Amino acid sequence: MPHVRPTLRRQRRTVSALAAVLTLADVTAVHASAVPATETITATASPAAEVNHTFVIQALPSARTTELDRTQNSLSNTELRSTGFYLPAATALNVVVHDGSLLPTLVVGAPDADARKEFKAPREYQLRVGRNTVIDAGGGVVYLKLIGSTGQAKVSLGDQARPMPYFVLGRTTEAEFQQQLDERTTPYVELVAPHTMITVERESALKFRTENHATLLSTYEDIVRIEDALSGFDGSSSLHARQAHPYHFVGYPAAITGVGAYATHGHMSFPPPIQDRMLTVEGLRTRGWGIYHELGHQHQQITYKPSSLTEVTVNLYSLAVNAEFATKYGQVPRLHAPDAKTGLTPWQSAPGKLRQPGVNYGTTFDPYEKLVMFEQLRMAFGPDFWPGLHKLVRVERPAAGSYTDEALRLRNFVVLTSRTAGYDLRDFFQAWGFPVDAEAISQLDALGLTPPPVDPTTLRQTPPS
């Protein structure tokens, strides 16, 4: 699926209850569990005619700068903090900032959730201490954000903001959510969990309303956990901690010509034709490759991601989810699925092309055959190989060059994977027709590594019984 690079900025917050009031349990649970060390949120409702909804939010590091620099990733997570509220268009919203060491920002509109081009991007309103009035011409989901290394802010939203149907994993019951879908007629619905935020149009939520939404969100959390683990976010140090912000999955309101879904800074977008995989448990568990793929873009590291491999290395993460879900839910292992034209699986067709005259990784192999190379490396060097590569890059921060510097980033892939394995992999890559230039050879020579005791190109994966 396409990977889009534009810089769009995003964030998050929380709610749940049966009427227009927030329940303290819902709000506190999601954010405290999402970021236990730094995030505490409370909510209160005033009995007065104008109901205020109050949030105490802790500052989080910038996803676009601090976190992106720490992870060495190509794309950032969202910065949006979900409130569970919607602001109608051209409505004056009263916002009170009570106190705080930092001034928060109010954001209106989920990214790419509005079909109107002028409202595709969220609109940000810098708040000041005291009473603020925000009027947004387009209206949309209301978020807060507070960026910083320390500090907090206390913010109240007036009752001009309408509560949305809002499902919080571990707090909202299915019966409560179904009642919200009937009683709250906002154009958008949100579902949130510690590492996941899903924003979709009401129409999409109603189409798939019979799903078990706790199971759906738990499955998303599983997917994120698997991809985070492959990225080496194991908590062994602050450098290798999981991201401070969640991953934002957004339902795009219309199909895009030639595009099924895409990822960019802050979010991933999924148009209606593939929302059956986004919003159903069965689809997500057995046919969700596209979801795993777009989330993979938000895990790719920039150092060894030349443009020619953007849509290749992203499937390291898809494969990891596919493998676990094949065992748990019977999902078909992608590299053991026969090609519609040849009848051969990638494991049957790819190995025979290795070491052949003129073999070229970029042109000889189809997209799934290329993934066999990754699997041979994993089989040769174990389950810690790919996490180890990610951790090495975070520790050493090798030069990534520019987005168009193919030679450097291809070379980085060869040298960094060799260092992670502890063996000289030049022969392995050359067998696959993968570029190994003179500078890569020079760097490998300087490392003094030896070839692996078992040639990874000889490894084969047997199909599941």
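This is a predicted model: local features need pLDDT of at least 70, side-chain atom pairs count only at pLDDT 80 or more; totals for chains, interfaces and linings use all residues.
Residues are numbered from 1 along each chain as its sequence is written, and side-chain values use heavy atoms, with hydrogens and water left out. Local features need pLDDT of at least 70, side-chain atom pairs count only at pLDDT 80 or more, and totals for chains, interfaces and linings use all residues.

**View 1. Helix H5, residues 213-230.** Helices (H or I, at least four residues) and strands (E, at least two) are DSSP runs, numbered from the N terminus. The 18 residues of H5 should span 26 Å, and the end C-alpha atoms are 26 Å apart, which agrees. The expected span is 1.5 Å times one less than the number of residues. Of the 18 residues, 13 are buried (under 20% relative accessible area; exposed is over 50%, partly exposed in between; 1.4 Å probe, protein chains only). At the start of H5, a side-chain oxygen of Asn-212 comes within 3.1 Å of the backbone nitrogen of Ala-214. Gly-232 follows H5, with a positive phi near 75°.

**View 2. Val-96 in strand E4, residues 92-100.** Val-96 is partly exposed, at 25% relative accessible area. Gly-130 is 34 residues away in sequence, yet its C-alpha is 5.4 Å from that of Val-96. Not counting residues up to four places away, Val-96 touches Gly-130, Arg-131, Lys-154, Val-155 and Ser-156 (heavy atoms within 4.5 Å).

**View 3. Ser-62 in the loop between strand E2 (53-58) and helix H2 (63-71).** Ser-62 is buried, at 7% relative accessible area. A polar atom of its side chain lies 3.2 Å from the backbone nitrogen of Arg-64. Beyond four places in sequence, Ser-62 contacts Glu-67, Glu-79, Ile-147 and His-245.

How values were computed: A polar contact is a pair of N or O atoms within 3.5 Å; within protein, one must be able to donate a hydrogen and the other to accept it, and residues adjacent in sequence count only if both atoms are side-chain atoms.
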